[in-house]
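Trainee: Could you walk me through reading this structure, one feature after another?
Mentor: Gladly; let us look at the chain together.

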Amino acid sequence: MSSSALRSGGWPARYSTLWPGDAYVGWIAWDPYNTVCLGKASRTFSQLVGPFYGWLVAHGHGSKPLMLAEYGTGGTPAQKQRWYEQLPGQLANFPRLKALVDFDYPAPPATCDWR
């Protein structure tokens with residue numbers, strides 16, 4: 001799938017084709033990153049997690065436990081502090097999230113400093 005198709009909403013149409021079936025899935029996990037460190041606009045935790053979370057619930061997958069297998073924010077130390085300080089209040093919007101793993105990896109070798 002081309003990058004322009006992805007930007008125009010191509011992934012949501014593809015999600016269902018990736019589902020192997022309830023018998024094969026115990027947890028559903030994804031990796032949202034706030035890539036402000038790559039020059040992109042900063043997004044809140046809710047803006048990062050909400051679209052796919054909403055899609056999962058709307059398409060009958062909300063009964064599975066949900067997990068952020070990796071997540072995090074780039075940016076300056078002050079930006080990161082503000083982002084994480086706002087996180088607890090936003091978690092209440094996602095009651096099906098049962099596990100979150102913060103990505104903590106320095107640059108280099110990562111493209112951003114995720115610590």
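This is a predicted model: local features need pLDDT of at least 70, side-chain atom pairs count only at pLDDT 80 or more; totals for chains, interfaces and linings use all residues.

Trainee: How many helices and strands does the protein chain have, and how do the elements run?
Mentor: There are 4 helices and 4 strands, and from the N terminus on their order is α-α-β-β-α-β-α-β.

Trainee: What span should α3 have, and where does α3 bend?
Mentor: The expected span of a helix is 1.5 Å times one less than its number of residues. With 14 residues, α3 should span 20 Å, and its end C-alpha atoms are 20 Å apart, so the two values agree. For a bend at a residue, take the angle between axes fitted to the seven residues ending there and the seven starting there; α3 bends by about 30° at P51.

Trainee: Which residues of α3 are buried, and what covers them?
Mentor: Buried means under 20% relative accessible area, exposed over 50%, and partly exposed in between (1.4 Å probe, protein chains only). In α3 the buried residues are F45, L48, V49, F52, Y53, W55 and L56. Their cover includes α2 (10-15), β1, β2, β3, α4 and β4. Across the protein chain, buried residues make up 30% of the 115 residues.

Trainee: Which residues have the most contacts inside the largest nonpolar core?
Mentor: A nonpolar core is a set of buried Ala, Val, Leu, Ile, Met, Phe, Trp, Tyr and Cys residues joined through side-chain atoms within 4.5 Å. The largest one here has 17 residues, and W30, F45, V49 and L97 have the most contacts inside it. Two or more residues come from each of β1 (28-30), α3, β3 (66-73) and α4 (77-91), with α3 giving the most, 7 residues. Contact means heavy atoms within 4.5 Å. Not counting residues up to four places away in sequence, W30 touches several residues, among them V49, F52, L68 and L97.

Trainee: Which residues form the disulfide, and which parts of the chain does the pair link?
Mentor: A disulfide is a covalent bond between the sulfur atoms of two cysteines; the cut-off used is a pair of cysteine sulfur atoms within 2.5 Å. The structure holds 1 disulfide, formed by C37 and C112 with their sulfur atoms 2.0 Å apart. C37 lies in the loop between β2 and α3, while C112 lies in the segment after β4 (97-102), 75 residues apart. The disulfide is right-handed because the torsion about its S-S bond is about 90°. C37 is partly exposed at 29% relative accessibility, whereas C112 is buried at 3%.

Trainee: Which side chains meet in the salt bridge?
Mentor: A salt bridge is a side-chain nitrogen of Lys or Arg within 4 Å of a carboxyl oxygen of Asp or Glu. Here R115 and D113 meet at 2.8 Å, N to O. R115 is exposed at 55% relative accessible area, and D113 is partly exposed at 26%.

Note on methods: Residues are numbered from 1 along each chain as its sequence is written. Side-chain values use heavy atoms; hydrogens and water are left out.
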